[in-house]
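Please examine the sequence and the structure shown below before reading on. The briefing that follows is arranged by topic.

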Amino acid sequence: MARLVTLVESGGPGVREVASALAPYAGHAQVIGLTGSPGVGKSTTTTALVAAYRREGKKVGVLAIDPSSPFSGGAILGDRIRMQEHATDPGVYIRSMSSRGHLGGLSATTPQAVRVLDGVGCDVILVETVGVGQAEVDIASLADTTLVLLAPGMGDGIQAVKAGILEIADVFVINKADRDGADHTLRDIRSMMALVTREPNEWRQPIVKTVAHKTEGLEELLEAIGKHHSWLAEHGELQRRRTARASAEITAIALGLLRARLDVTDELASAVAAGEMDPYAAADRLLG
């Protein structure tokens, strides 16, 4: 599995054959995304969820996305260090992936890595995002269920009503709920949700309070995830989300292939720079 993920990350020879071989086996895993600001306890919550799903006898894959250096391109891959208690469990696969400068909280190759884990038999795939802030919304297009984690004391009430990351939540998780201010954070989220008009059959995001390092609230979180997955299946939303995910993946691969084939000549670039040709005409010539 590790070699297959490395292959899709690097885009090396054989990636097409691997994708073709895995295709008939993909589409069965439940993909759960965890996102939120740094310090809210994403890795601790991920570790607790891994243990819970393993107790149910499920095979679990974890993709932990770490920020990469803008200078060297490297990453410390610290999320994997935090999950060492599961490292020797043959029913758990943990992979740290560098974002490699990709914005949105994920790596550009995360969807392909999810496909590998799905194809080789993982029942549940947990994708933990970088933790960069309110624009980290790519996970919503990848996961079946997106958990947005918050923690008391990490922002005032205005933070709770900002557009972006909070709008992608399927389940709100107030972690570190044993700290002062947890109830205030809960009220902020409820106030934000009261401003949204929903149809009667729309999903209404539950708010779960947890203390992940003590596994407090974990049963309630698992119940909320399970209810959301059932709602997705009952309303046809699961298939719609997975079709949209496949569409985005196809588009990204096609654009990557096109970008690799395009060769902007110095002559064409010089003509645009000199004002002899506009960039749209140059692009038409390049594609023609």
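How many cavities of 30 Å³ or more does a search of the whole structure find? The search finds one. The structure is a predicted model, in which local features need pLDDT of at least 70 and side-chain atom pairs count only at pLDDT 80 or more, while totals for chains, interfaces and linings use all residues. Residues are numbered from 1 along each chain as its sequence is written, and side-chain values use heavy atoms, with hydrogens and water left out.

**The chain as a whole**

- The secondary structure consists of eleven helices and seven strands; helices (H or I, at least four residues) and strands (E, at least two) are DSSP runs, numbered from the N terminus.
- Of the 288 residues in the chain, 45% are buried, where buried means under 20% relative accessible area, exposed over 50% and partly exposed in between, with a 1.4 Å probe and protein chains only.
- Among contacts between residues at least 6 apart in sequence, 74% join residues at least 24 apart; a contact means heavy atoms within 4.5 Å.

**The cavity**

- A cavity is a set of points, on a 1 Å grid over the protein atoms alone, where a 1.4 Å probe fits but cannot get out, and its lining residues have an atom within 4 Å of a point.
- The largest cavity has a volume of about 30 Å³; grid points are joined across faces, edges and corners, and a volume is the space filled by probe spheres set on the points.
- Its lining is formed by Thr 45, Ala 48, Thr 210, Val 211, Ala 212, Thr 215, Glu 216 and Leu 218.
- By class, this lining has four nonpolar, three polar and one charged residues; Ala, Val, Leu, Ile, Met, Phe, Trp, Tyr, Cys and Pro count as nonpolar, Asp, Glu, Lys and Arg as charged, and the others, Gly among them, as polar.

- Helix H5 (residues 110–119) is largely enclosed by the rest of the structure, because eight of its ten residues are buried.
- The buried residues of H5 include Thr 110, Val 116 and Gly 119.
- Thr 110 counts as buried because its relative accessibility is 0%, and, leaving out residues up to four places away in sequence, Thr 110 touches Leu 63, Ile 65, Met 97, Val 127 and Leu 142.
- Val 116 is also in H5 and has a relative accessible area of 1%, so Val 116 is buried.
- With residues up to four places away in sequence not counted, Val 116 touches Met 1, Leu 4, Val 5, Val 8 and Leu 22.
- Glu 249, in helix H9 (residues 237–261), is in contact with Pro 111, Gln 112 and Arg 115, leaving aside its neighbours within four places in sequence.
- The C-alpha atoms of Glu 249 and Thr 110 are separated by 9.9 Å, although these residues are 139 residues apart along the chain.

**Strand S6 and its partners**

- From strand S6 (residues 171–174), Val 171 and Val 173 point one way and Phe 172 and Ile 174 the other way, and all are buried.
- S6 pairs in the parallel sense with strand S5 (residues 145–150) over four bridges; two strands pair if DSSP finds at least two bridges between them.
- Phe 172 in S6 stands opposite Val 148.
- S6 also pairs in the parallel sense with strand S7 (residues 207–209), over three bridges, and Val 173 stands opposite Val 208 in S7.

Key. 1 Å grid on protein atoms, 1.4 Å probe; cavity = no way out; pocket = protein on both sides within 12 Å on 5 of 7 lines; lining within 4 Å.
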